[in-house]
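The sequence and structure are shown first.

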2 protein chains.
Amino acid sequence: MAKMIDVAKLAGVSVATVSRVLAGSGKVSKNTKEKVERAMKELNYKPNKLARNLRKLESKTIVVVIPDISNPFFTDVIRGIQQVAQQHDYYVLLGDTGNDVKAELDFIDLIKERAADGVILVTARTSPEKILEIAQEVPLVVACEYIKGAHLSMVTIDNVSSSQKVVDHLVSLGHRRIGFISGPLNVIISRDRLKGYVSGLKKHGLEQDSSLIQEGDFTISSGFESANRLLDLAEPPTAVFASNDEMAIGTIKAIKNRGFQVPGDIAVVGFDDIQIATVIEPALTTVSQPKFEIGRCTMEILLELIQNPSTRQEHVVLPEHLVIRESCGYPLVR
Amino acid sequence: MAKMIDVAKLAGVSVATVSRVLAGSGKVSKNTKEKVERAMKELNYKPNKLARNLRKLESKTIVVVIPDISNPFFTDVIRGIQQVAQQHDYYVLLGDTGNDVKAELDFIDLIKERAADGVILVTARTSPEKILEIAQEVPLVVACEYIKGAHLSMVTIDNVSSSQKVVDHLVSLGHRRIGFISGPLNVIISRDRLKGYVSGLKKHGLEQDSSLIQEGDFTISSGFESANRLLDLAEPPTAVFASNDEMAIGTIKAIKNRGFQVPGDIAVVGFDDIQIATVIEPALTTVSQPKFEIGRCTMEILLELIQNPSTRQEHVVLPEHLVIRESCGYPLVR
DNA sequence: TAAATTTTTGTAATCGATTACATTAAGGAG
DNA sequence: CTCCTTAATGTAATCGATTACAAAAATTTA
């Protein structure tokens, strides 16, 4: 494999000149530039990035830490990240933690080892304090999760108000007894969505009934089980709002399983708008997160932070919207 | 950020000794080893991987080139890759090409630039000749796609015989007029699955009717359209075998759309066994690929190839199996 | 034409580890 | 007690680029 010195010799110049041609830093005469380029082509020269990285003390790589890559929600975010990264000649290292806190911290450590220039945490299992501490030292942006009061760059939607909008919608359809299936309550977004549900009820003067609130864990099966508990109530809800689409699907399965109709007997709403939401029957009414845009935006902020670590942290709240499909009794729109 | 020389000074030894402690290469007295370790801890020292990589001329990174990360089929393969990579202290760079050949080649170039030690192509858009040529020069393994007669490491299932099994199953249920929706026929696996379908028909003495074969492109909508063409036939099929699950879902939608029942009027079979297959109604009978295992196996072969580039190329064929669910009229098994 | 300025090119230090080779210390044999 | 072997440690070259600084060449100005 040819190196720079080989190119230099063949072109009859010094390595510095070759490096300048490579960097495109104008200070080379047209003539020698051509000579060098010819030599590079002849030797099929590719610059060694390991050497460049060491000299420049950067890796041109960022790590995306995600709990589980096979979750379709995350892959759209990753695509957004990847797109911006590619535009700026950055590589994306995959940090699939399998929901393990230790793995999460290990991936973050890559930065201290200079194997990466920055991290994106797409949700975090590590404690807020710890993350805050880390963010002081390395370029870090959190996507999809809001850590309250933290001096930290974050890109999210407003989980509280969007949940409230769901309640608005259900109430406007005449529902007064609305069940809620939350995510794990140790996760912040779960609590925020619950908060929005509760404040939505209050806003419409509906009384809050704790038996209508069930805790799931974002899986289809937990949605199924939580929905069953709601259906077992003496007075079951006429609508169920699940904190993500998977649980909404579990809910639909549970309802159908009892011989009821969706939306005829019970309306269902989800959250996230993953692809399955359009495929399931009835197609799911759900809060659509701008996943791709979240990824893009997060990466842009990270790039800024890498270039200028003293950039003021910012919390970007992107707009979401409620996509009305069939599962609440509206005609299919799309 | 402390470097090795700082640790050396603090411990009162030379950098060589520190390096030896780090490498765990026995030649250090217990006493100095402890001194050095104390110093490392005190300075919170992390070795600079950029420097190590340059010196060792390796990046400890591999690239996974995939057409589209938001396709759930690929993410399971990636998880398998990632697991093995992690076990061997390798990082996984994400090469999402968005189905662009140029991007594919660019990611492969990362190896020549020493930014990666090997590549995994999870399917390939580049021409077989080109891939073969590249594989001579760099450690490369192809997953999920079989390139005929090539001296190339590959990990796949047997697409021909598994498709034939699907026909076997449908015939055993009494179907004699079986429609087939292929993937794009410029892709090898599409042709293999078609081949299996055709030989399956032959095996059971069924005549081949070209109007029963429709070409799709692996998307839900192409499945929908292809199925409609089949339903428009004077004598429509009683069963449809789609070359992947997405197209099978499109097929189910098309059938229901005309007021027919699945499996009552028409049976449907898919291929791949992605998560949606279990969620759709009726749950899809489909060929289950060992996606995670494909990933694991591919990565293991790549590691071998990196360590010893002259390793003989091998083609591993992993076992798949037909998962019988509801879409062909069998009771739900799972 | 000589001096001043600008442009182009080259020399060598540098990034931070690893490791071949040299050196010193320690232990064992005679 | 000396010589030899082995273990422990240190010195300095090395990986392949980038870049500060120096030097040479070309151009402009007077």
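**Basis of the description**

This is a predicted model, in which local features need pLDDT of at least 70 and side-chain atom pairs count only at pLDDT 80 or more, while totals for chains, interfaces and linings use all residues. Residues are numbered from 1 along each chain as its sequence is written, chains are lettered from A and ligands numbered from 1 in the order in which they are written, and side-chain values use heavy atoms, with hydrogens and water left out.

**Chain A as a whole**

Chain A contains 13 helices and 12 strands; these are DSSP runs numbered from the N terminus, with helices (H or I) of at least four residues and strands (E) of at least two. The C-alpha trace of chain A spans about 90 × 40 × 30 Å along its principal axes. Its radius of gyration is 26 Å, whereas a compact globule of 334 residues would have one near 20 Å. That radius is taken over C-alpha atoms, and the globule rule is 2.2 Å times the number of residues to the power 0.38.

Of the 334 residues in chain A, 55% are buried. Buried means under 20% relative accessible area, exposed over 50%, and partly exposed in between (1.4 Å probe, protein chains only). Among contacts in chain A (heavy atoms within 4.5 Å) between residues at least 6 apart in sequence, 69% join residues at least 24 apart.

**The surface near DNA strand C**

DNA strand C is surrounded by 23 residues, the closest being A:Arg20, B:Lys3, B:Met4, B:Ser19 and B:Arg55. A residue counts as near the strand if one of its heavy atoms lies within 4 Å of it.

By residue class, this surface has 10 nonpolar, seven polar and six charged members. In this division Ala, Val, Leu, Ile, Met, Phe, Trp, Tyr, Cys and Pro count as nonpolar, Asp, Glu, Lys and Arg as charged, and the others, Gly among them, as polar.

Side chains from both protein chains approach phosphate oxygens of DNA strand C: A:Thr17 at 2.8 Å, B:Lys3 at 2.5 Å and B:Arg52 at 3.0 Å. The elements giving two or more residues to this surface are helix H2 (15-23) and helix H4 (49-56) of chain A, together with helix H2 (15-23) and helix H4 (49-56) of chain B.

**Salt bridges**

Side chains of opposite charge can pair when their charged atoms come close. Over all chains the structure holds 30 salt bridges, each a side-chain nitrogen of Lys or Arg within 4 Å of a carboxyl oxygen of Asp or Glu.

| Residue | Partner | N to O distance |
|---|---|---|
| B:Glu113 | A:Lys49 | 2.6 Å |
| A:Lys256 | B:Glu281 | 2.7 Å |
| B:Lys112 | B:Glu137 | 3.2 Å |

B:Glu113 forms a salt bridge with A:Lys49. This pair crosses between chains, from the loop between helix H6 (101-112) and strand S3 (118-122) of chain B to helix H4 of chain A. Both B:Glu113 and A:Lys49 are buried.

A:Lys256 and B:Glu281 also meet in a salt bridge. A:Lys256 lies in helix H11 (residues 245-257) of chain A and B:Glu281 in the loop between helix H12 (276-279) and strand S10 (285-288) of chain B, so the pair joins two chains. A:Lys256 is partly exposed, with a relative accessible area of 28%, and B:Glu281 is partly exposed at 29%.

Within chain B, B:Lys112 forms a salt bridge with B:Glu137. The pair links distant parts of the chain, with B:Lys112 in helix H6 and B:Glu137 in helix H7 (residues 128-137), 25 residues apart. B:Lys112 counts as buried at 18% relative accessibility. In chain A, a network of salt bridges links A:Glu293, A:Arg296 and A:Glu300.

**Two buried residues**

A:His175 is located in the loop between helix H8 (159-172) and strand S6 (178-182) of chain A, and its relative accessible area of 12% makes A:His175 buried. The side chains of A:His175 and A:Thr238 are joined by a polar contact of 2.7 Å. A polar contact is a pair of N or O atoms within 3.5 Å; within protein, one must be able to donate a hydrogen and the other to accept it, and residues adjacent in sequence count only if both atoms are side-chain atoms. Leaving aside residues up to four places away in sequence, A:His175 touches A:Leu170, A:Thr238, A:Ala239 and A:Ala267.

B:Leu201 belongs to helix H9 (residues 188-203) of chain B and counts as buried at 4% relative accessibility. B:Leu201 touches B:Val167, B:Leu206, B:Glu207 and B:Gln208, residues up to four places away in sequence not being counted.
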